[in-house]
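Thank you all for coming; I would like to take a few minutes to walk through one model with you. Please have a look at the sequence and the structure before I go on.

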Amino acid sequence: MTQTPSVLVVGAGAIGSFYGALLKKAGCHVSVVLRSDYEVVSQSGFEISSPMGNLSWQPDRVYRDGDRPDAAPDYLLLCVKVIPGVDRAALVRPWMGKNTTLVLIENGLDIERELADTYPANPLVSCLAFIAVSRTAPGQVSHQAYGQLVMGNFPKGFDSHCERLTGLFREAGIKVDQSQAIVGERWRKCVWNAAFNPLSVLCNGADTLTMLDAEGGEALIRNLMREVMAVAKADGYPLPEDLVEKNIPGTRAMGAYRNSMALDYLNDRPIELDAILGNVVAIARQHQVAVPHLETILVALRMRQPSS
């Protein structure tokens, strides 16, 4: 690896541009692969409003799909939505080198395996982002709160590639928690995601406070969270019993936040239904765990979005 790490962000939307900005701040050479925002970012870079201060930045290179890199990056950050029809392994193929570390900063459960199987010789780092951030216009991003990462190798461990990347993010000012068991951490985040994200679509893109404050809303969300925790336990990843009690006030403290699935729904984009909810229900069936609330929401959303 070069002394100054080179980073390529594939999928530089809200998440990708935010974490790309942090690595740029830490002194890395950071380039991006873009589709719809190519012209704007090429000319003006990313404009990011954040409580951390001015994180606006200009990538070192801006590539289109179909371009080829000048050289393979040390780190490839994959930040695309995990949705049907997106072949993530094929998406990164043109940019991968033999020494490239593949870094996933994506939502969902059981989303690493296809990439690990395709690139078995490359280190695979899996990250969970705890952040409130959204794309407001081409090249413009609003960071509302948080930014913490949980990081580890897939399926387990924490190697030197994780260690170096952790140091870079910490240098840029965010907290990174190291995990020897990243799959368990994905289950932990799924407790929040599988409750709030799909429900927000059934509620026509509602924000978190609207859902919590509706009559019966908080009780429903608690039931959804408890069902996810039961599946996680059956899958070998028991979670702290007080997790629901911590999640609810933590969510209220965020304010009226529209999650990623709500924004995708409101902007008529595909939603990450299987990655966030469908995989949980599938694992529940494997272990014969009853999840009636999760199943009801999944079926209702598949009726509403039959192409998901």
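Please keep in mind throughout that this is a predicted model. I will begin with the second largest pocket, whose lining, sorted by class, has 8 nonpolar, 5 polar and 3 charged residues. The volume of this pocket is about 250 Å³, and of the 16 residues that line it, those nearest its centre are Ser 6, Ser 31, Ala 71, Ala 72 and Pro 73. Two elements, strand S1 (6–10) and strand S2 (29–34), each give two or more residues to that lining, and S1 gives the most, with 3 residues.

Let me turn now to helix H1, which has 12 residues and reaches 17 Å from its first C-alpha to its last, close to the 16 Å expected at 1.5 Å a residue. Because 9 of those 12 residues are buried, H1 is largely enclosed by the rest of the structure; the buried ones include Phe 18, Tyr 19 and Gly 20. After the helix comes Gly 27, which has a positive phi, near 100 degrees.

That brings me to the aromatic rings, for which the count comes to 5 pairs. Since Tyr 19 belongs to helix H1 (residues 14–25) and Phe 169 to helix H5 (residues 160–171), the pair ties together parts that are 150 residues apart in sequence. Tyr 19 is buried, with a relative accessible area of 0%, and Phe 169, at 0% relative accessibility, counts as buried too. Ring pairs also bring in Phe 18, linking it with Tyr 19 and Phe 169 into a cluster.

A second pair, formed by Trp 192 and Phe 196, is stacked, with 4.6 Å from centre to centre and 25 degrees between the planes. Trp 192 and Phe 196 are 4 residues apart in helix H6 (residues 182–202), and are therefore separated by about one helical turn.

Note on methods: Residues are numbered from 1 along each chain as its sequence is written. This is a predicted model: local features need pLDDT of at least 70, side-chain atom pairs count only at pLDDT 80 or more; totals for chains, interfaces and linings use all residues. Side-chain values use heavy atoms; hydrogens and water are left out. On a 1 Å grid over the protein atoms alone, a cavity is a set of points where a 1.4 Å probe fits but cannot get out, and a pocket is an open set with protein on both sides within 12 Å along at least five of seven lines; lining residues have an atom within 4 Å of a point. Grid points are joined across faces, edges and corners, and a volume is the space filled by probe spheres set on the points. Ala, Val, Leu, Ile, Met, Phe, Trp, Tyr, Cys and Pro count as nonpolar, Asp, Glu, Lys and Arg as charged, and the others, Gly among them, as polar. Rings of Phe, Tyr and Trp (its six-membered ring) pair if their centres lie within 6.5 Å; planes under 30 degrees apart count as stacked, over 60 as edge-to-face and the rest as tilted. Buried means under 20% relative accessible area, exposed over 50%, partly exposed in between (1.4 Å probe, protein chains only). The expected span of a helix is 1.5 Å times one less than its number of residues.
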